[in-house]
Amino acid sequence: MLLSLRSLELNHPQIEVEFKIHGQGNLHGDGMAIWLTKQRGTTGPVFGSADKFEGLGVFIDTYKNQRPGVVFPYVMAMVGNASVTYDKEHDGKDNEIAGCSARGIRTSSNPTKIRLTYFQDTSLKVDLLYKSENEWTECFETGPLTLPSVAYLGFSAETGELSDNHDIISITTSNKYINKGYNEQGTLSPADSGKGKGRGKPFNRQREGGSWKWFFFKMMVFFGVLGVGYVGWTMYRANQRGRF
């Protein structure tokens, strides 16, 4: 297992993970999981982590047990309340809140990534990248969803009687929205974008540039007035001398 040492605040987090699932032969499994749980994970039977967890589990299941009509690999999400047991025999059918088939994600020659975007008490969106290098595909987006306000990020994998390699290549976490409705790129969030002008534009950039222009304009006016005054004073002195 791979676990964070510190907990994360789940206000509006976005988590992007690059990974690779690979191995030899036609038989492989079972898959890997991404966790956002109230307590730090421990080893167990759910893709290598403990059952009856409290929080979110997103599973990339590469081995089909007893779930007809579903194409594997399969990506699904489950929310645990510390008492619900994962239905391993049926690949989490009774636990799933949303999911999608991801055929080709295991053997893809392109970088494989998963991106989780959680809007507090509002929704969870999961996107996948594996079909081509820059093509994100929406897996699912849920309705209202409540997770612990603070959670530990974790990763686990399980092979059972089979074998496979589950590599975590990189992990990126960020806050989707930060202070005063602006995100990390300095653009207005959708909730605040209709409140004024400059929708989707970098904040303070034009104001900062305008202040410098105004400063130089004032300096030019100052020196211009100073120059006119000096010329006038010189002409006055010359006229005074001419009288005497």
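Colleague: Is Ile60 buried or exposed?
Modeller: Ile60 counts as buried, because its relative accessibility is 0%; buried means under 20% relative accessible area, exposed over 50%, partly exposed in between, with a 1.4 Å probe and protein chains only. This is a predicted model, where local features need pLDDT of at least 70 and side-chain atom pairs count only at pLDDT 80 or more, while totals for chains, interfaces and linings use all residues. Residues are numbered from 1 along each chain as its sequence is written, and side-chain values use heavy atoms, leaving out hydrogens and water.

Colleague: Which strand is Ile60 in?
Modeller: Ile60 sits in strand S6, residues 54-61. Strands (E, at least two residues) and helices (H or I, at least four) are DSSP runs, numbered from the N terminus.

Colleague: And what does Ile60 touch?
Modeller: Leaving aside neighbours within four places in sequence, Ile60 has contacts including Phe19, Met32, Phe47, Val75 and Ile114. Contact means heavy atoms within 4.5 Å.

Colleague: What about Ile114, which residues does that one touch?
Modeller: Not counting residues up to four places away, Ile114 touches Ile15, Val17, Ile34, Ile60, Leu128 and Trp136, among them. Ile114 is also one of the residues touching the most other members in the largest nonpolar core, along with Val75, Leu124 and Leu128. That core has 31 residues. A nonpolar core is a set of buried Ala, Val, Leu, Ile, Met, Phe, Trp, Tyr and Cys residues joined through side-chain atoms within 4.5 Å.

Colleague: Where does the largest share of this core come from?
Modeller: From strand S3, residues 13-22, which gives four residues. Apart from this core lies another of twelve residues, including Val46, Phe47, Phe53 and Phe59.

Colleague: Switching topic: how many aromatic pairs are there?
Modeller: The count comes to six. Rings of Phe, Tyr and Trp (its six-membered ring) pair if their centres lie within 6.5 Å; planes under 30 degrees apart are stacked, over 60 edge-to-face and the rest tilted. Trp35 and Phe53 are edge-to-face, because their planes are at 75°, with centres 4.8 Å apart. Both Trp35 and Phe53 are buried.

Colleague: And how about Phe47 and Tyr86?
Modeller: That pair is tilted, at 6.0 Å centre to centre and 55° between the planes. Phe47 is in the loop between S5 and S6 and Tyr86 in the loop between S7 and S8, so the pair ties together parts 39 residues apart in sequence.
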